[in-house]
Amino acid sequence: MKSENAADFLSWRESLTAMEESRFFDLMRLYAGEVKTPYNKQKLIESLTAFLHKETNRKTVVGLLSQEDLMLISAVVYIPFCTREKAASFFSPHISFASLYNTLLNLEERLILFRRKDKDGSEYFDVNPFLRADIEPLIHMDLLFPQNERTISEQTSPFFYERQERLSSHILASWLVFVCSNPDLCRADGGFKKKAEELIQAAFSDVRPDFLYNLNTALTNLSLFRKNQTGHEADKQKWQSFAALPVLDQYAYICAALCGFQRRDILQKNAEHLIQLFFLLPEKGLSPHHVRRLIFLLQERQKNPSPQKNKFRQLLHENSLQAESFYTADPENLLSAAVLFGLVTAEADKNGSVFLYANPELKKKAALEKTEENSGDIRGSVSINAGFSITVLKELPLSLFIELISCADLEGCGTVSRFCITRSACFRAFSNGTKPEDIISLLQKTTAHNIPQNLIFSLNDWYSLFSSAHFYKGYVLQVSQEKRVLIENNPLLEPHIREKLAPGIYLLDFADDEKAYETIKKSSLEFIGELKNQNNLPEGLPFEILKEKTAFVEAGKTLFTQQGFKSPFFSQTERETFQSRHIQAMENELKKKNLPKFQEEELLLRIRRKTILQAEQLNGESVRVEKNEASGMDFLGKIRVIENAIACSDLIQITTGEKTVCGIPVKTEKLAGDTAVFIQEGRSEELQKISVAQARTVKRIRSSIFSKK
């Protein structure tokens, strides 16, 4: 929350100055009485300012705030540059747009909210700086994300999925090995082939196939697997970068990637939203729709603000925002992925209500990882027998797990994972630069017993067989006999010679074409010329460590401990009592005045809209004569009332025979000798069609002076 400054007060005054004249004068009549001509607009604004400076008026404004009002004000405070559309997305589908629209208008009419403009001229809501200090103590996150007491049942929750799986280094490493052994496992549409499904069922008997399908999709979207002519291929460098991440970051990246292939920076933001959500979720948990709200709020708070006005920078910013809004994952999809992969746990209470909270096991694992207590002795975590079968008995860091089983094929993944060291798997490891002594050294570190001698012999024998032939892919330089000495003695080119394949034929280790051209150019060996053919993939960028901090922590208070401030005027119970007494007192004062019916009805509506703060405002002269009701044979009058209500999104009350319908008119339709009006009642999405000619009375119920076009 921010404190008031001169710019805020200036923005409030500017919003009044820029207000349409009819709205401005209606507002002045409401709070300052009848406007006399000639008038001075700035003096009228000063009179409204003086009205707000009175403590009794501010006290009444705060006393009339309902919980719904405070909830909406909280959204305006916490959602950056909060517009009607953002507020509607935040509260959807539990608060209808029409209801939200009317409440925002009412808060404007009560001088609590006002509209200000950002740097590109777009309007958004903010809290009136004259009232902010009085209202902010009542604003807290529990209004937007209420935590209810719950009792967890012993039964498993049916929410999202019948059974919740959990990501682990066992599953990730096992799936990596399985894909390397069975690269051609997917059909053209991405689904598993029938033969692959049978192999998956045998190897992953305790894991659902759809879980593995989603996992494979996410890993492919992360480019950890890439598709080639033979199927799926693991990107070794990407896997090494991914495995080096903290375990929580790994899971967040996977959850974000399940929502689709995304631009690198957007993927990182979506993953960070999940990390922040993980640490923000209270121990008691939140309901699913409140978690979606929290994700939406995190996404909005991380968007970049509009830059200074500069046409080129503004254009770049707009294009960036369009791309960001297109790629940013939907909160529903992010939440479903988080539940699917076990980042978030779903449980139901005895009443069937579902609550979501951060996976406590994963939270402990992340805390343990930070303290580096898990980097101790790994000896005894692996068992190996004379048949070359490896059993991984406990959870290992993913980087170590991948290195350990790089020379093995998967036998089964369950509570423990079982692998078998085979010649084909060892050949894959040898192709990536692994040597027998590397495998033996790692096995010695992780096993409690000696390694079988026949395994050591087989590893050396297979490596000897592997080394008997070489299959290269890379940059090959061929030079004539008289130029060889120039190549082998060149200080820039010589370090890049990986292998001398034959006299005058060299295998070079350049990462890409750009590096090759740059080095050759600097070597001053112009006779080498251009690259004859090229088919190299560029090296991918490493994964970034995700940020955990959010903008919600203020003055040492976390997200759900910001309530507890004391209102300078009322507690919640006192506010409810004050509201009923104040409204009753104003209604009694109104009855004493014996005003004409149309003035009395309009002032009564103002009292119930909580815009009457003191008895002096109950002035009949402040009510303008306006046709808000028509009846009987006045067909054109009824049409005019309906059209005005549609223009202002006001309610209308139509009586036909013995039936009375009250709702928001959406549209009219001309008929032969009649006109039909379509009305939306309450929260119902169905429209009622009513004949205007047959209506006995049509009455418009004004919602706000701001509801005009």
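1. **A cut-off first.** A residue is partly exposed when its relative accessible area falls between the buried limit, under 20%, and the exposed limit, over 50%. Glu 46 has 42% relative accessibility, so Glu 46 counts as partly exposed. Arg 13 is partly exposed too, because its relative accessible area is 22%. These two residues form a salt bridge, and their closest N and O atoms are 2.9 Å apart. The pair links distant parts of the chain. Arg 13 sits in helix H1 (residues 6–17) and Glu 46 in helix H3 (residues 41–53), 33 residues apart.

2. **Overall picture.** This is a predicted model. The chain has 709 residues, and 48% of them count as buried. It contains 27 helices and 19 strands. Among contacts with a separation of 6 or more, 65% come from residues 24 or more positions apart.

3. **Confidence.** The mean pLDDT of the chain is 82. Of its residues, 85% reach 70 or more. Helix H13 (residues 247–257) has the highest confidence, at a mean of 94. Helix H16 (residues 311–327) has the lowest, at 48. Over residues 320–326 the pLDDT is below 50, and this stretch has four contacts in the model beyond near neighbours in sequence. Residues 151–162 also stay under 50. For that stretch the model has 27 contacts beyond four places in sequence. Where pLDDT is low, the predicted coordinates should not be read in detail.

4. The structure holds 30 salt bridges. One of them joins the side chains of Asp 26 and Arg 29, at 3.1 Å from N to O. Both residues lie in helix H2 (residues 21–32), three residues apart, or about one turn of the helix. Residues three or four places apart in an α-helix point the same way, because there are 3.6 residues a turn. Asp 26 and Arg 29 are both buried.

5. **Salt bridge between helices.** The side chains of Glu 587 and Arg 608 meet in a salt bridge at 3.4 Å, N to O. This pair links distant parts of the chain: Glu 587 is in helix H25, Arg 608 is in helix H26, and they are 21 residues apart. Arg 608 is exposed, because its relative accessible area is 54%.

6. **A charged network.** Asp 8, Arg 116, Asp 126 and Arg 132 are linked in a network of salt bridges. Side chains of opposite charge can pair when their charged atoms come close.

7. **Helix H5.** The 12 residues of helix H5 (residues 67–78) should span 16 Å at 1.5 Å a residue. H5 is mostly covered, with nine of its 12 residues buried. Among the buried residues are Leu 70, Leu 72, Ile 73 and Val 76. Asp 69 and Tyr 78 are buried as well.

8. **Backbone points to check.** The peptide bond from Ser 92 to Pro 93 is cis, with omega near 0°. Pro 93 lies in the loop between helix H6 (84–91) and helix H7 (97–109). Phe 388 is a residue other than glycine with a positive phi, near 70°. Its loop runs between strand S7 (382–384) and strand S8 (389–392). Phe 388 counts as buried because its relative accessibility is 13%. Asn 594 has a positive phi near 50°. Asn 594 is in the loop between helix H25 (572–593) and helix H26 (597–608). With a relative accessible area of 66%, Asn 594 is exposed.

9. **Cys 259.** This residue is in the loop between H13 and helix H14 (264–280). Cys 259 counts as partly exposed because its relative accessibility is 27%. Leaving aside neighbours within four places in sequence, Cys 259 is in contact with Ala 329, Asn 333 and Leu 334. Thr 217 is 42 residues from Cys 259 in sequence, and their C-alpha atoms are 9.4 Å apart in space.

10. **A nonpolar patch.** Tyr 472, Val 476 and Leu 501 make a nonpolar surface patch of about 240 Å². Leu 501 belongs to strand S12 (residues 497–502). Its relative accessible area is 37%, so Leu 501 is partly exposed.

Terms used:
Residues numbered from 1 in each chain as written. Predicted model: local features only at pLDDT ≥ 70, side-chain atom pairs only at ≥ 80, totals over all residues. Heavy atoms only, no water. Patch = residues over 30% accessible without salt bridge, like charges linked within 9 Å, V, L, I, M, F, W, Y side chains within 5 Å. Areas by Shrake-Rupley, 256 points an atom, 1.4 Å probe, with all protein chains shown as cover. Salt bridge = Lys/Arg side-chain N within 4 Å of Asp/Glu carboxyl O. Helix = DSSP H or I, 4+ residues; strand = E, 2+ residues; numbered from the N terminus. Buried < 20%, exposed > 50% of the residue type's maximum accessible area, 1.4 Å probe, protein only. Contact = heavy atoms within 4.5 Å. pLDDT = per-residue confidence, 0-100. Expected span 1.5 Å × (residues − 1).
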